[in-house]
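Let's take a walk through this model, one chain at a time, and then see how the chains meet. Have the sequence and the 3D view ready.

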Amino acid sequence: MTTSRAAAIILAKELRAEFRTRELLNTTIVFALMVVVLFSFSFDPTSAESRRYGPGLLWIAFLFAGSLMLHPSFAREQANDTLNALRMAPVDPFAILLGKTLANFCFLLFAELLLLPIFSVLYNVSFVGVLGRLLLVLVLGTLGIVITGTVFSAVAAQARMRELLLPLLLLPVLTPLLIAAVEATIGLLGDPPELTRSWLAVLIGFDVVFLTASWLLCDHLLEE
Amino acid sequence: MKNFESLFAAYMFVWAIFLVYEFTVARRVARLQAELDRLKEMVRHN
Amino acid sequence: MAASSRGNLGAALAVFALLGFACCAALFIAPDEATMHAIQRIFYFHVPSAWTAFVAFLITFIANIAYLVTRKPKWDWLGVSSAEVGLAFCTVVLVTGPIWAKPVWGIWWTWDARLTSTFVLWLLYVSYLLLRTLLADPERRPVFSAIFGIFAYLDVPLVYFSIRLWRTQHPQPVILGGSGSGINAVMLRVLLLCWAALTALMILLLRERYRLERMRHETDELRFEIEGRAADREMAGKGRG
C-alpha cells in the first residue's frame, strides 16, 4: 500500500471517528469563542485599536484551540491501545503521522473558518477583499500548528501531565509561526492591504522544515 | 564611575549563576560517588 | 580515585582563575566606552555567554541525532548535560541584559530582538528539560526527548529571523548599539578573552554534568543487579523450601 493511500485511509478514519461524536470540534470551537470574547474585555473592541490587536488575539485563540484539540490525537489511541495495532500493520509510519496530521488540519481549519466571521462581527473588522490571501495565511499557519502539534502530541502521550505538557512543548516552538501569521494578517487588514513576502516566506519555511523533520523522525516517533 | 551598582550587580550575578551550578553538580557527583562505592561493596560481598 | 578528583579540582580552579582574569580585563583593561561608560562592560560577558549557549545547544542537537542513529546511552547523557549547561549560560544572558538596559534605557525589558529571541531559546530548553522529568520510562525518555530536542534546535534560526524581522517593523532601542558602532582592537581582544574563558567554563561544567549522568546510569544498573541477585536467591530459597 502506498504511503498516500494509507494516509488517506487513516485520514478518513479520523474524520469519521470525529464526526460521529463531534465532541472535539464542539469543545474546541466553544473554547476559542470564549477566548475571543474574553479578550475583548481587556480593551475597547470597537476602536481603531482592534484593528491592530485583533489579529494577534485571533491567532492566540487559534493557538489555544489547536493545543487543546491536538492532545487527544494520540492520547485517544493510547486508551484503546489501537496505536500498536496501527504500528503492526504493514504501513509506512509516515502514513500514520500524515493521516493524523491532515485530520487535525481539517478540524482546526474548520474551527478557524467558523470563528472568522464571528471575530469579524465582534471586532468590527472586515475581511472582504482579502479573503483569498487570508485563506492562504490561515492554511499555512494551521499547517505549521498541526505539523508540530501532531508530533508533539505523540511525544506527550508517552509522558505524565500530558494535557499541560503539549502546550508547554508546542508554544515556544510555534513562536516564529505566530509572529509571521499575526504580522501577515495585520498586513492584510492594512490600508492598502498587502501580503508581505517575507512573512509568507517564514510561514512556508516553517512548514517545510518541520514537515521534513517529521518525515525523517517518524520511525523513531512511532516505534514500539 | 557611573552606574557602578548595576555593573557590580551584573558581574555578581554572572559569578553566582556559574558557581551555584558548579557546586550543585559537584555536590551531586560526590554524593553519587559515595552511593556508587557503597553499591560496589555490596556486589563484591555477594 | 583520589588522583582524578584532585585533577578535577585543579581543572576547576584553573578555569575559575581564567574567568577571574577575564573579569579583571573586562573591568580594568578594556577602554571606557564613549556613550555608556562603565555599564557597557557588561557586554564582555553578556555577548559571549550567548555564543557559548549556542555552542552548548548545538552539542545537544548533535547528541540527539547521534542517539537516535546509534541508540548509545552516552549520547543521551551528553544531550541532557549540554542542554542544562547551555541553559545556565542562557540565564546569564537574560539576567545581564535587563541589568544593562535599566540604567541605559530606563526600562528593564526593551523587547530588543536578540534578547527576546534568547528568551524564547531559554523557554525551548526549559521545556526540553521539563519533558525529560515527565518522561518516566527510562527506555522511552532518551528517544522522545531527542525528537523534541531536534525540533527545538531546528526552530532556533526561525525564531531569531522572525523576531528580528518583527522588531525592524516596530523599531525599539537596540541593546548592542546597532550595526554601525565599530569595536576597537583592545575591546575585541578582551571580548575574545572572555569568550575563551566562558568556553573553558562550558567544557568544565559539561564534563562534570556528563559524569553525573554517567554515574546515575551506573548506580541504576548496580541497583538493578543487586535486586536481581536478591530476587534469584529468594526464588532459589523458596524452591528448596
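## Chain A

Chain A is built from 10 helices and has zero strands. Both kinds of element are DSSP runs numbered from the N terminus, with helices being H or I over at least four residues and strands being E over at least two. Following the sequence, you get the pattern α-α-α-α-α-α-α-α-α-α. The radius of gyration of chain A is 18 Å, close to the 17 Å that the globule rule gives for 224 residues, so chain A is as compact as a globular protein of that length. That radius is taken over C-alpha atoms, and the globule rule is 2.2 Å times the number of residues to the power 0.38.

A quick word on the source: this is a predicted model, where local features need pLDDT of at least 70 and side-chain atom pairs count only at pLDDT 80 or more, while totals for chains, interfaces and linings use all residues. Residues are numbered from 1 along each chain as its sequence is written, and chains are lettered from A and ligands numbered from 1 in the order in which they are written.

The C-alpha trace of chain A spans about 55 × 35 × 30 Å along its principal axes. Of its 224 residues, 46% are buried. With C-beta atoms placed from the backbone, a residue is buried if 20 or more other C-beta atoms lie within 10 Å of its own, exposed if 12 or fewer, and partly exposed in between.

## Chain C

Chain C has six helices and zero strands, running α-α-α-α-α-α from the N terminus. Its radius of gyration is 23 Å, whereas a compact globule of 241 residues would come out near 18 Å. Along the principal axes, the C-alpha trace of chain C spans about 90 × 45 × 30 Å. Buried residues account for 40% of the 241 in chain C.

In chain C, the axes of helix α2 (residues 43-70) and helix α3 (residues 73-105) come within 8 Å and cross at roughly 160°. The axes are lines fitted to C-alpha atoms, for helices over the stretch in contact, and angles run from 0 to 180 degrees between N-to-C directions. That crossing makes α2(C) roughly antiparallel to α3(C); angles over 145 degrees count as roughly antiparallel, under 35 as roughly parallel, 65 to 115 as roughly perpendicular and the rest as oblique.

Now zoom in on V85(C), which sits in helix α3 of chain C. V85(C) is buried, with 30 other C-beta atoms within 10 Å. Leaving out residues up to four places away in sequence, V85(C) touches A56(C), M202(C), L205(C), L206(C) and R209(C). Here, two residues are in contact if their C-beta atoms, placed from the backbone, lie within 7 Å. The C-alpha atoms of V85(C) and L204(C) are 9.8 Å apart, though 119 residues separate the two along the chain.

## How the chains meet

Which chains share the most contacts? Of the two pairs of chains in contact, it's chains B and C. That contact takes 28 residues from chain B and 32 residues from chain C. Chains A and B don't touch, and their nearest C-alpha atoms are 24 Å apart.

The contact between chains A and C takes 27 residues from chain A and 28 residues from chain C. On the chain A side, α7 (131-156), α8 (162-173), α9 (175-188) and α10 (197-221) each supply at least two residues.
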